[in-house]
Amino acid sequence: MDIVESVRKIPLQDPPEEDFCAADLTWTKFGNAEHHDEVALIPYDRVDDFIIGECSNVEWPTRFHIERGRKRAIGSLKEYKDDEYLEYRLYWCSFGPENYGEGGGILPSRRYRLNTRNRAARPQSMRGCTCHFVVKRLYARPYLALIIYNERRHINKSGFVCHGPLDRDAIGPGAKNVPYICNEIQQQTMSMIYLGIPEENILEKHIEGIQRYCGSDAKVNSLASQYVHKLGMIIKRSTHELDLDDQASIRMWVERNKKSVFFYQDTSESDPFVLGIQTEWQLQQMIRFGHCSVVVADSTFGIKRLKYPLFTLLVFDSRQHALPVAWVITRSFSKPDMSKWLNALIDRAHSVEPGWRVSGFVIDDAAAEIDLLRDIFCCPVLFSLWRIRRSWLRNIVKKCCNIEVQREIFKRLGAIVYSIWGGVNTSLALEQFLQDFVDQTDFMEYFRASWLPKIEMWLSTMRNFPLASQEASGALEAYHVKLKAKLFDDSHLGALQRVDWLVHKLTTELHSSYWLDRFADESDSFQSVKEEYIASTSWHRALRIPNNAVTFNDKDRFFAKVVSQKESKSTRIVWNPGSEFAFCDCAWSMQGNLCKHVIKVNMVFENIKGCQPSMSLKSFEDILIDLWRKPVDGSIALDLSLAWTQQILDQIEKLVELNNSPDIGTVVNKMPLNWVSKKGRTYTGKPTLRYTLPPANSNPKSLIVYKRSRKRKRLSQLR
Ligand SMILES: [Zn+2]
Ligand SMILES: [Zn+2]
């Protein structure tokens, strides 16, 4: 391509992407035959987007700092060339320019740091990276910026890739003098700080993490200690209140955390406030655990206490614990608003994994927009009883003082719910119930006000939709309880009405706690965190109770006894066994929770012949009977039905096998650990060119191929 001699002849480019990088631009040769640079002209207000794009390079995640900068006042020049600058900034990859590794010098103090929204680890050491570019704000046209790319490759003076996943020395036992803080260690350290773990312990784990890559070294340890201390100070000083005004504060948070926001609609005359939060880690978990599995909604949390209620989308992780993968803060659950953010969420998942799809969506509120969910997720909707069970049990315990009355009321309500299977006239049963407990005035007042007007809607939802399991109920409740403990502890009562506080709490403490749980389990480290995490649902706690600890009273099986594992003298009594509405007298159950005793008793009960199955099992049976009763004659329709049914059976068999496989931590640990074999770094010979960006002005076809391969790389990182 020809060399352009005037800035006026360089085309202006304004890529549509939010953030863009060098590969998204067409580069022009600018100068003369003896000396020319590769340049591109963009609007000045897009410079930050370009820098963020360059920082987020998959192969070389980095930051750029301003190595040199100059400025002129407007009007200070009488005569000037058309490429004269108003502002001149030389941006350098922060893994350079100094070389702090083998044979490297000492790092001079930096005057400028560019604070981008990029999440890549801030480089901990100089690797002599030579990648750099200049941004010139044009004197003649200050609304334009000329980018001059001097070196696009992240290589050192010897021409070797010197950082990022492609740098062979960044990982593995050889990288002694380069404490490369990978994202995982950084996230681990941040999580521990947020969870309030003492600094010595954090440092110990941090150094352990680094030593997996670097080996032990006094200098490495002292750098690590400084790093952990600094990070702790930064986190301690960080506050949710970015502005005194909550709305302005949220706007700033959204601006600074664009990568964690999948939908934002500020309050206006026509639109209500909606903020959809999903970090990149949550997106990965949603794609990983939600694909071909179920996604669950925990709706309207904190409707009375928070400024706006919180809606959470969860998936079941490898232990079938509920993992929050998106938070939506809003008061509006109108169809148009919901469809906007749901579509944004699905689009986000599809932009990373186009084939991502969900097999089922579980709701906990009969008033949910079921049609909308079914259309958007393209899957059946299931209903979970956990919320209704919890509300009833809590209010029974609170409003009736006699335990026998409590048991009986709960049992009768359970019977009304079970009546959806037919045989009982629901309205008659309800009337009888209201009469029989008319003396329980407090509870009846609550029941008449909160449930009676809409009980038919709830029952018909249960009748018409498949019902989710007790394990799902236990997992959802565990999330709910954790959320309550984190948000409603007494120290922040004044902050509950601020949205910025809620956002801060979710994205720091709660997010960190889930991140660390998963990390501890998958890497089989942090044993106490791991154990606590495994035991965090009543289902898992129930699995630890041996079968012989459960006994039933007699042939009627009105109640069961569970012998305590800690003190064999104490026993718990579970009334109405075999039902989701079984009532236990332990303290956990008395707070309205689904306790391990109820779950254990029901597990044992299900294996006794002739006993009623749980609601979800009954609902499963119903579907199977429906399938069986579908009239199919001896035609090809029968062949097809047979093939489909066989397919489903195969899939379910695989699922059962997977569920019975042991601890995932040990599975992961059994995998062989492979370091890339290191042949030693040589400083002679041809520099590597394999990983360079496509050449300037490359034809659009090769650009597309490049982009695709980049996307594939991104995908393979997720898996
Ligand atoms: Zn670099
Ligand atoms: Zn119990």
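**Group meeting: a predicted chain with a zinc site**

Let me begin with Asp524, which is partly exposed at a relative accessible area of 25%, where buried means under 20% relative accessible area, exposed means over 50%, and partly exposed lies in between, computed with a 1.4 Å probe on protein chains only. Before I go on, please keep in mind that this is a predicted model, in which local features need pLDDT of at least 70 and side-chain atom pairs count only at pLDDT 80 or more, whereas totals for chains, interfaces and linings use all residues. Residues are numbered from 1 along each chain as its sequence is written, chains are lettered from A and ligands numbered from 1 in the order in which they are written, and side-chain values use heavy atoms, with hydrogens and water left out.

Back to Asp524, which sits in the loop between α15 (499-523) and α16 (527-534); helices here are DSSP runs of H or I with at least four residues, strands are runs of E with at least two, and both are numbered from the N terminus. Although Asp524 is not a glycine, its phi is positive, at about 50°. Phe526 lies in the loop between α15 and α16 as well, and this residue, again not a glycine, has a positive phi of about 45°. As background, most residues other than glycine have a negative phi. Is Phe526 buried or exposed? With a relative accessible area of 10%, Phe526 is buried.

Now the chain as a whole. The protein chain has 23 helices and 18 strands, and 49% of its 719 residues count as buried. If we take contacts, meaning heavy atoms within 4.5 Å, between residues at least 6 apart in sequence, then 68% of them join residues at least 24 apart. The chain exposes about 36,700 Å², of which carbon and sulfur atoms supply 53%, the areas coming from the Shrake-Rupley method with a 1.4 Å probe. The structure holds 0 disulfides, a disulfide being a pair of cysteine sulfur atoms within 2.5 Å. Of the cysteines, let me mention Cys93, which counts as buried because its relative accessibility is 0%.

Other cysteines bring us to the metal. Which residues coordinate the zinc ion (ligand 2)? They are Cys584, Cys586 and Cys595, each through SG, and His597 through ND1, at 2.1 to 2.3 Å; donors are N, O and S atoms within 2.8 Å of the metal (3.2 Å for Na, K and Ca), and since water is not among the atoms, sites may look incomplete. Along the chain, these donors follow the spacing C-x1-C-x8-C-x1-H. The arrangement is tetrahedral, because the 4 donor atoms subtend angles of 106 to 113°, and four donors count as tetrahedral if all angles lie between 85 and 135 degrees. Cys586 is buried, with a relative accessible area of 5%, and both Cys595 and His597 are buried too.

Next, the strands, where two of them pair if DSSP finds at least two bridges between them. Four strands form an open sheet with antiparallel pairing, in the order β15-β16-β17-β18. The edge strands of that sheet, β15 (550-552) and β18 (583-584), each pair on one side only. Inside it, β16 (residues 559-563) and β17 (residues 571-575) pair over 5 bridges, with Lys561 opposite Ile573 in β17.

In the loop between β1 (3-4) and β2 we find Ile10, which is buried, with a relative accessible area of 5%. Leaving aside residues up to four places away in sequence, Ile10 touches Val4, Thr28, Phe30, Val39, Leu41 and Leu146. Of these, Val39 is 29 residues from Ile10 in sequence, yet the C-alpha to C-alpha distance is 8.5 Å.

I will finish with β9 (residues 274-277), in which Val274 and Gly276 point one way, Leu275 and Ile277 point the other way, and all are buried. Strand β9 is joined antiparallel by 4 bridges to β8 (residues 261-265), and by 4 bridges to β12 (residues 322-330), also antiparallel. Gln265 stands opposite Val274, while Ile277 stands opposite Trp327 in β12.

Note on methods. Four donors count as tetrahedral if all angles lie between 85 and 135 degrees; four count as square planar and six as octahedral if opposite donors are over 155 degrees apart and all others between 65 and 115; anything else is irregular.
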